Amino acid sequence: MLGGGSNLLVSDKGFDGLVLHVALRGISVSDAPGGAAQKIYRVAAGEDWDGFVERTVEENCAGLECLAGIPGTVGGTPVQNVGAYGQEVASAIERVRAFDLAERTFVEFSAAECGFAYRRSRFNSTDRDRYVVTRVDYRLTECGAPTLRYADLQRAFGSDAQPSLAEVVAVVRRVRQTKGMLLVEGDPDCRSAGSFFKNPVVDDEQVRQIAEKSGTEPPRFPAGPGADNQRRVKLPAAWLIEQAGFAKGYALGAAGISSRHTLALINRGGATAGEMLTLATLITQAVEERFGIARGDEFNEELNRISFHNVCARGVELDAAAREYRTFSAVELNERVLAEVDSFCGSHFQDDATLLVIAAK
Ligand SMILES: Cc1cc2nc3c(=O)[nH]c(=O)nc-3n(C[C@H](O)[C@H](O)[C@H](O)COP(=O)(O)OP(=O)(O)OC[C@H]3O[C@@H](n4cnc5c(N)ncnc54)[C@H](O)[C@@H]3O)c2cc1C
């Protein structure tokens, strides 16, 4: 499934299967049942996320303002429970509508049924690849106050300030840009998938071991209790990576670390997926060796965007497809996919009058 492609790493060998691009569009707004001054935004999965956030802010509805400037589609947001600067979509999502590829029927999940956690949901864990998200409903608060939980935002406004949603969005965008987290034409540091690594959640004993090995107390933030009810803390992955010898601006051939953000792996120009993975592996191994933290626990398995250039359809010679598809816009790519599907199995269905094609691999 291809949303906006902002969080994908496509194998250099291509993909031996059908690629579906979700292009469902449309936004409707209604009063939330029983919710004073709350609105439900019902948004088709193919809508551009940042454009949608901008609209909610223009309409003075609070709940997503800290998530401005994140690339991708609306349908991609529940998949990894998109979050930044003190907000996650989990706290605004009312309902997710999806097509169940196993049962071949539409289903709807409440937020609780989505299994949201830190950069995680049922869609990228237990039910990975089972559902096509077609629509997301968000519950937002009309004239609500912005969320100012994140230190950078608190610093920008001071303790007594009551900024508007639009002012918060402006600061979020500015902070994102200083960290290479905003897509800006010509900025090499934003050629990433955002943060490639997650901040590991560890217990007190692991913190003690890490402090001992590094000879200094690691910075940390409360992360609530674990399954054993013991205290857990979140360690900044950036600190661990830097302690393991990888500084901002580090380069390994065409792959590298952003000069403004240790967690962002960048394509410095022409990097292959293999080169990006080599760098990611080098970093995780170094952290593992330095601190004895197991890989997989703390590092993002949901891989990241580098480029589309190896996306291809079944039956098309890989390299030729790569060259061909690179020149297509998303809409053209979608039309190509429809044609591919017709030729493979012709299986499709209609949702909200927009054709979405589902086909078995
Ligand atoms: C510069 C930059 C900054 C970023 N900053 C952040 C950030 O602050 N916080 C954050 O959380 N993320 C961030 N990201 C990551 C990315 O923006 C999000 O993960 C985004 O939600 C991906 O959406 P997409 O539509 O591009 O998904 P894609 O990259 O196309 O797909 C990502 C995954 O979701 C699946 N998927 C996509 N759409 C659907 C659908 N409709 N149904 C089922 N599965 C689907 C895909 O199959 C794939 O597994 C950043 C990325 C970049 C490039």
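Helices (H or I, at least four residues) and strands (E, at least two) are DSSP runs, numbered from the N terminus. The expected span of a helix is 1.5 Å times one less than its number of residues.

## Basis of the model

Residues are numbered from 1 along each chain as its sequence is written. The model is predicted: local features need pLDDT of at least 70, side-chain atom pairs count only at pLDDT 80 or more, and totals for chains, interfaces and linings use all residues.

## Helix 3

Helix 3 consists of 14 residues and reaches 20 Å from its first C-alpha to its last, close to the 20 Å expected at 1.5 Å a residue. Its buried residues are Leu165, Val168, Val169, Val171, Val172, Val175 and Arg176. A residue is buried if 20 or more other C-beta atoms lie within 10 Å of its own, exposed if 12 or fewer, and partly exposed in between, with C-beta atoms placed from the backbone.

Glycine 180, with a positive phi near 70 degrees, follows helix 3.

## Nonpolar cores

A nonpolar core is a set of buried Ala, Val, Leu, Ile, Met, Phe, Trp, Tyr and Cys residues joined through C-beta atoms within 7 Å. The largest such core has 47 residues, and Leu67, Ile93, Val133, Val136, Tyr138 and Val172 have the most contacts inside it. Elements that give two or more residues to this core include strand 2 (38–44), helix 1 (49–58), strand 6 (93–100), strand 8 (131–142) and helix 3 (165–178).

Not counting residues up to four places away in sequence, isoleucine 93 touches Pro78, Ala111, Cys114, Val136 and Tyr138. Contact requires C-beta atoms, placed from the backbone, within 7 Å. A second, separate core of 25 residues includes Ala237, Leu240, Leu265 and Ala271.

## A loop position

Alanine 117 is in the loop between strand 7 (105–110) and strand 8. Alanine 117 counts as exposed because it has 12 C-beta neighbours inside 10 Å.

Key. Contact = placed C-beta atoms within 7 Å.
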